[in-house]
Amino acid sequence: MITSTLPTPAGRPIDDAATAWALAARGGDSDAVDRFVRALHRDVIRYVAHLCADPQAVDDLAQDTFLRALGSLHRFEGRSSARTWLLAIARRAVADSHRYTAVRPRTADVPDWQLTVERAQPRGLPGFDEGIVLLDLLDRLPDERREAFVLTQLLGLPYAEAAALGDCPVGTVRSRVARARTALAALVAEAEEAEEASTAVRKPVLD
């Protein structure tokens, strides 16, 4: 059964630790570099995955993000959290990738076969990861609402920091998140109704 329960946002102590590690890494502490990357790698992957139109490019974009960040650590002064700073870099990396893709000649005008296969996988099998269902539902949201939701509800960023990343007022972020929640609730209800109907059809009739 698909559940409408949303993931719990990451706690703020992670931000404090990551910021401390970033500052230590700036000073040449190699262990702090490793801790900084490990602490924020999952957040970067999740954020990039929701911004990028190509699932197969996510890992490369995450790596590009960290390479850019580590190359710019000497400019990081801790005025914002390291996570907010890093996600801003991730956003630029994705934007640069989109610009590059837009001018790059296409080799074939066909959809990616692996993505097509993944989307064709059955959704009602026992043990199916509900997180994947949520990702699929999020993909149906408009880009701006999806980004606001991911930043605040999945990654746990404060609305003010999400607004700074999106270069928009805090009220706009709150509105986008509210609309995203409403849309997701409707999509979840729709998916559950479809699943129940499918189960009813498959249920054998007893004499």
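**Helix contacts and aromatic pairs**

Analyst: Leu151, Thr152 and Gln153 of H7 are in contact with Tyr159, Ala162 and Leu165 of H8, contact meaning heavy atoms within 4.5 Å. The model is predicted: local features need pLDDT of at least 70, side-chain atom pairs count only at pLDDT 80 or more, and totals for chains, interfaces and linings use all residues. Residues are numbered from 1 along each chain as its sequence is written, and side-chain values use heavy atoms, with hydrogens and water left out.

User: At what angle do helix H7 and helix H8 pack?

Analyst: Helices are DSSP runs (H or I, at least four residues), numbered from the N terminus. H7 covers residues 143–154 and H8 residues 159–166, and their axes are 10 Å apart. Axes are lines fitted to C-alpha atoms over the stretch in contact, and angles run from 0 to 180 degrees between N-to-C directions. The packing angle of H7 and H8 is about 150 degrees.

User: Which kind of aromatic pair do Phe36 and Phe66 form?

Analyst: Rings of Phe, Tyr and Trp (its six-membered ring) pair if their centres lie within 6.5 Å; planes under 30 degrees apart count as stacked, over 60 as edge-to-face and the rest as tilted. For Phe36 and Phe66 the values are 6.4 Å centre to centre and 80 degrees between the planes. The pair is edge-to-face.

User: How many residues apart in sequence are the parts that this pair ties together?

Analyst: Phe36 lies in helix H2 (residues 30–51) and Phe66 in helix H3 (residues 58–71), so the pair links parts separated in sequence by 30 residues.

Terms used. Helix = DSSP H or I, 4+ residues; strand = E, 2+ residues; numbered from the N terminus.
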